[in-house]
Amino acid sequence: MEPFAFTCLCVLALAFALGVVLSKNAVNGAMCLLLCLAAIAGLFIELHAYLLAFILVLVYAGAVVALFLFIVMLLDMQGGQPWRFRGMQALAGFVAAALLVAGLDTIAVRGQLGSGPPAPGEVGSSLKLYAYPLFTTYLLPVQVMGFLLLIAMLGVIVLSRRTGEADGPK
Amino acid sequence: MKPTLDAFVLLSGALFAVGFLGVLVRRNTLVIFMCLELMLVAATLALVAFSRFNGTGDGDVFVFFILTVAAAEVAVGLAIIVALFRTRQTIQVDRLNSLRR
């Protein structure tokens, strides 16, 4: 873990996250989200969580951002006005975000998290280290996740029917 | 000199705050949704950092669950947005004010 690479990845992740918030165009926002996720995957690699970095790129950058781009193209929001600040709401948003970051940073700095080196031992490249807890300790959450995916699939099927037909038997 | 746990937690908090700011100030529902994803990823980063620095694998396992929930959330949320656009022809949140009256 070189400090230089860590600093670069931090700056990139924060800059692209700000790009998501500040971009006028939704397509540019999705692209910034993609690059921010790539920087965070780099941070995962620095934390030796290679499998999680791979899954992050696969699921988020591969599926989620592609789905976002697909919906942006589908809806074709030319009519929407571009982004602009409006007085009190934007001010309240900035104050709330600043308070949030102040609180979290107070916890991070004053809370005795310990600034020692990473604990030695297991390195996250082996699949067994993930598979064993998933099938023993966390077996019930895995089953619940399966049901969640099933329910989400059914919900999407119901939601994406034509509204005219859905309103028919009313 | 290696990056410490403090640095990772600070970065995670900053990313979460940026996502929170986006949820509060943006008016486009799709961009609000992207900022929600950003907040989920920031929490994921904190989990992985804590897991690595404490030498346990439990935080890494929770990342799987967060990713699953995020995938389901994106699917359902984008279906809701498409249905909303079909009925209202807009996804700007300040025009979706039927409940105000």
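Modeller: Of the 170 residues in chain A, 21% are buried; the model is a predicted one. Chain A holds seven helices and zero strands, so its pattern along the sequence reads α-α-α-α-α-α-α. Among its contacts between residues at least 6 apart in sequence, 57% join residues at least 24 apart.

As to the interface, 71 residues of chain A are in contact with 63 residues of chain B. On the chain A side, the elements that give two or more residues are α1 (3–22), α2 (26–46), α3 (50–75), α4 (87–110), α5 (127–135) and α6 (139–159). The largest share, 12 residues, comes from α4(A). By class, this side of chain A has 57 nonpolar, 12 polar and two charged residues.

Helix α3(A) packs against α3(B), residues 58–88 of chain B, with the axes 11 Å apart and at an angle of about 5 degrees. Because angles under 35 degrees count as roughly parallel, α3(A) is roughly parallel to α3(B). From α3(A), the contact is made by A:Leu52, A:Ile55, A:Val59, A:Ala63, A:Val64, A:Leu67, A:Ile71 and A:Leu75. The residues that α3(B) brings to the contact include B:Asp60, B:Val63, B:Leu67, B:Ala70, B:Val74, B:Leu78 and B:Phe85. Sorted by class, the residues of this helix contact are 17 nonpolar, no polar and one charged.

How values were computed:
Residues numbered from 1 in each chain as written. Chains lettered and ligands numbered in written order. Predicted model: local features only at pLDDT ≥ 70, side-chain atom pairs only at ≥ 80, totals over all residues. Contact = placed C-beta atoms within 7 Å. Helix = DSSP H or I, 4+ residues; strand = E, 2+ residues; numbered from the N terminus. Nonpolar A, V, L, I, M, F, W, Y, C, P; charged D, E, K, R; others polar. Axes fitted to C-alpha atoms, helices over the stretch in contact; angles between N-to-C directions. Parallel < 35°, antiparallel > 145°, perpendicular 65-115°, else oblique. Buried ≥ 20, exposed ≤ 12 C-beta atoms within 10 Å, placed from the backbone.
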